[in-house]
Structures are given as structure tokens and as C-alpha cells.
Amino acid sequence: MAKNKDIYWIRSDVFENYVTLPVWVWEQHASKHEFDDIPASEEHIYQTVVDPDQAHRNLDPSVIGESCIFVKYFADAQHHFLVPVLYDGINEPDEYEKGGKKGRVLTGYFRSSPGLSSSMGPIFWSKMEKKDEGDEK
């Protein structure tokens, strides 16, 4: 059994915060999606945190504290993957956008329905589209 302080990895999110994936989170939360149509993997969580397509405000009333939901589309699965991250040491709303904070993955799962859940707020960050090298627009 994992100890509360055991972690798989620490990586920077797109806001330059340090985000961890604790072992107990993977074992107790993300693994509950093991029997979903498309099982969640630790790699899906990792890719979604370090290279998301967008970030939404997390409006889930059961999550106490400042958090956001990173979203990434996986072409091989043909679905979006969602990773809520809870940040520590936040004194002002949305302060994690400035970077330098510590966050913890809460879970990770593929969205089963095309609509947004009521816990997902508006998009507040989106990945910039890369232009082709020959594109002078």
C-alpha cells in the first residue's frame, strides 16, 4: 500500500506550477476508471497536465479550494481526457494562473458524453495553434 507522500511524478503545468500525481490518487481515484470503455492510464494524465489543449474552471462544489480541469484530445481514443488539479497555497481566486504554486492531480478520465458536466466552467486557457513554417500569416 502506498504512503500518502509517495508520488509517481512532479511536472510543470502550462502555468509553470508544480503538479504531482500521488500514488494514492492513482490507486484510489484514477484506477476506478480501469473498466471504462477506454481505460485511463498514468500516461494520459501526464500528457494532459503537461500538454493540454485547454483548461476550464472547476466548479465542482465537492472540491474545496482552487482547481482547474485540464483537457486533452487523444486521437487514438477519439475522446477528450479530463484531469482536475487542486492547487495549494492560493490566497486569491485563480492565482494558480500566475505560476509557482503546487498542485495535485485529483483523478483522470475520458469524457463519456459529448456535453460538458456542470462541474466544468468556462475555458480560460487554450493552446495556441502552431503555424506551418512556410505560413507568413
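1. Basis. Because the model is predicted, local features need pLDDT of at least 70 and side-chain atom pairs count only at pLDDT 80 or more, while totals for chains, interfaces and linings use all residues. Residues are numbered from 1 along each chain as its sequence is written, and side-chain values use heavy atoms, with hydrogens and water left out.

2. Overall make-up. The chain has two helices and eight strands, which run β-β-α-α-β-β-β-β-β-β from the N terminus on; helices (H or I, at least four residues) and strands (E, at least two) are DSSP runs, numbered from the N terminus. Of its 137 residues, 39% count as buried, where buried means under 20% relative accessible area, exposed over 50%, and partly exposed in between (1.4 Å probe, protein chains only). Among the contacts with a separation of 6 or more, 58% are between residues 24 or more positions apart, a contact being heavy atoms within 4.5 Å.

3. Core. In the largest nonpolar core, which has 21 residues, Ile45, Val49, Val85 and Val105 touch the most other members. Two or more residues each are given to this core by β2 (18-22), α1 (23-28), α2 (42-50), β4 (66-74) and β5 (79-88), and the largest share, four residues, comes from β5. Such a core is a set of buried Ala, Val, Leu, Ile, Met, Phe, Trp, Tyr and Cys residues joined through side-chain atoms within 4.5 Å. Beyond its neighbours within four places in sequence, Val105 is in contact with residues including Trp9, Leu21, Ile45, Val49 and Val85.

4. Histidine 56 and glycine 121. His56 lies in strand β3 (residues 54-58) and counts as buried because its relative accessibility is 2%. Gly121, in strand β8 (residues 120-126), is likewise buried, with a relative accessible area of 5%. A polar atom of the His56 side chain lies 2.8 Å from the backbone oxygen of Gly121. Leaving aside neighbours within four places in sequence, Gly121 is in contact with His56, Arg57 and Leu59, and its C-alpha atom is separated by 9.0 Å from that of Asp60, 61 residues apart along the chain.

5. Surface. The chain exposes about 8,500 Å², of which carbon and sulfur atoms supply 50%; accessible areas come from the Shrake-Rupley method with a 1.4 Å probe, and for residues only the protein chains shown count as cover. Ile7, in strand β1 (residues 7-12), counts as partly exposed because its relative accessibility is 38%.

How values were computed
A polar contact is a pair of N or O atoms within 3.5 Å; within protein, one must be able to donate a hydrogen and the other to accept it, and residues adjacent in sequence count only if both atoms are side-chain atoms.
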